[in-house]
Structure formats: structure tokens, C-alpha cells
Amino acid sequence: MTVSEWIHIEKDQKHIVREKLKAQAVRRSQWWKNKISQGICYYCQKTFLPHELTMDHVVPLARGGRSTRGNIVPCCKACNNKKRYLTPAEIVLNKLKQQDTAEHFGK
Ligand SMILES: [Zn+2]
């Protein structure tokens, strides 16, 4: 049994295609340009240049997330790589772990 069998990627393919198209439209919008010009990664809260930020879905499309403004956030490449297919609950756990580490090392 492979991973793709139990998360039903095939079944959700249409949903993903549709939401990806929506995400492209959002990427061209003034709303998104304002977001990335602020330059703050949603996950690590560090500041980046606009071109260093990528668009990320808080709830991944593969997990049923949608391309709405509430679900789209700017994300740096490092966080994007770390995140992948985690759910928000898993992200929160990871964040708590990171904060522990940061406090331990005095930032
Ligand atoms: Zn980040």
C-alpha cells in the first residue's frame, strides 16, 4: 500500500487543478503584491525580499485546502521546504518545537 492510495490524490486531482488556477489569479492580484512587498514569511515571521517569498496554502490543496485569501500566505523557501504536506496542526507543533529551541539558544 502506497501513500497515494490512502490520501486519495487521484480523486482530488480536479480540485487541485481548479484551485491551482485560482492561485495563479491571486498571484497576479494587488492583494498578493501588497502581501509580498511587506516581505514577512507567515511561518517564521522573518523578513525577506518579495522575490524570495513563495505562495503557500495553509491547508495544502492536496489536503482539501482552497485558494482563498484566508488560506494563502507568503512563505520563504526554507519554510516551504519544511512544510510540504503537513496539516496546520502539525505546523503548530513544529513551531512550538522551534520556539523551544530558539529560547534555549537565546535567539
Ligand atoms: Zn519562513
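## The core

Which residues make up the largest nonpolar core? In this predicted model, that core has 6 residues: Cys41, Tyr43, Leu53, Cys75, Cys76 and Cys79. Buried residues account for 12% of the 107 residues in the chain.

## Overall layout

Let's step back to the whole chain. It holds 5 helices and 2 strands. Reading from the N terminus, the order of elements is α-α-α-β-β-α-α.

Strand β1 covers residues 53-57, and it pairs with β2 in the antiparallel sense over 5 bridges.

Leaving aside residues up to four places away in sequence, Leu53 touches Ile36, Gly39, Cys41, Phe48, Pro74, Cys75 and Cys76.

## A residue in the loop

Now for Gln45, which sits in the loop between α3 (30-38) and β1. Is Gln45 buried or exposed? With 10 other C-beta atoms within 10 Å, Gln45 is exposed, because a residue counts as exposed when 12 or fewer lie within that distance.

The backbone of Gln45 also deserves a look. Its phi is near 65°, a positive value in a residue other than glycine. Most residues other than glycine have a negative phi.

Note on methods
Residues are numbered from 1 along each chain as its sequence is written. This is a predicted model: local features need pLDDT of at least 70, side-chain atom pairs count only at pLDDT 80 or more; totals for chains, interfaces and linings use all residues. Two strands pair if DSSP finds at least two bridges between them. Helices (H or I, at least four residues) and strands (E, at least two) are DSSP runs, numbered from the N terminus. A residue is buried if 20 or more other C-beta atoms lie within 10 Å of its own, exposed if 12 or fewer, and partly exposed in between; C-beta atoms are placed from the backbone. A nonpolar core is a set of buried Ala, Val, Leu, Ile, Met, Phe, Trp, Tyr and Cys residues joined through C-beta atoms within 7 Å. Two residues are in contact if their C-beta atoms, placed from the backbone, lie within 7 Å.
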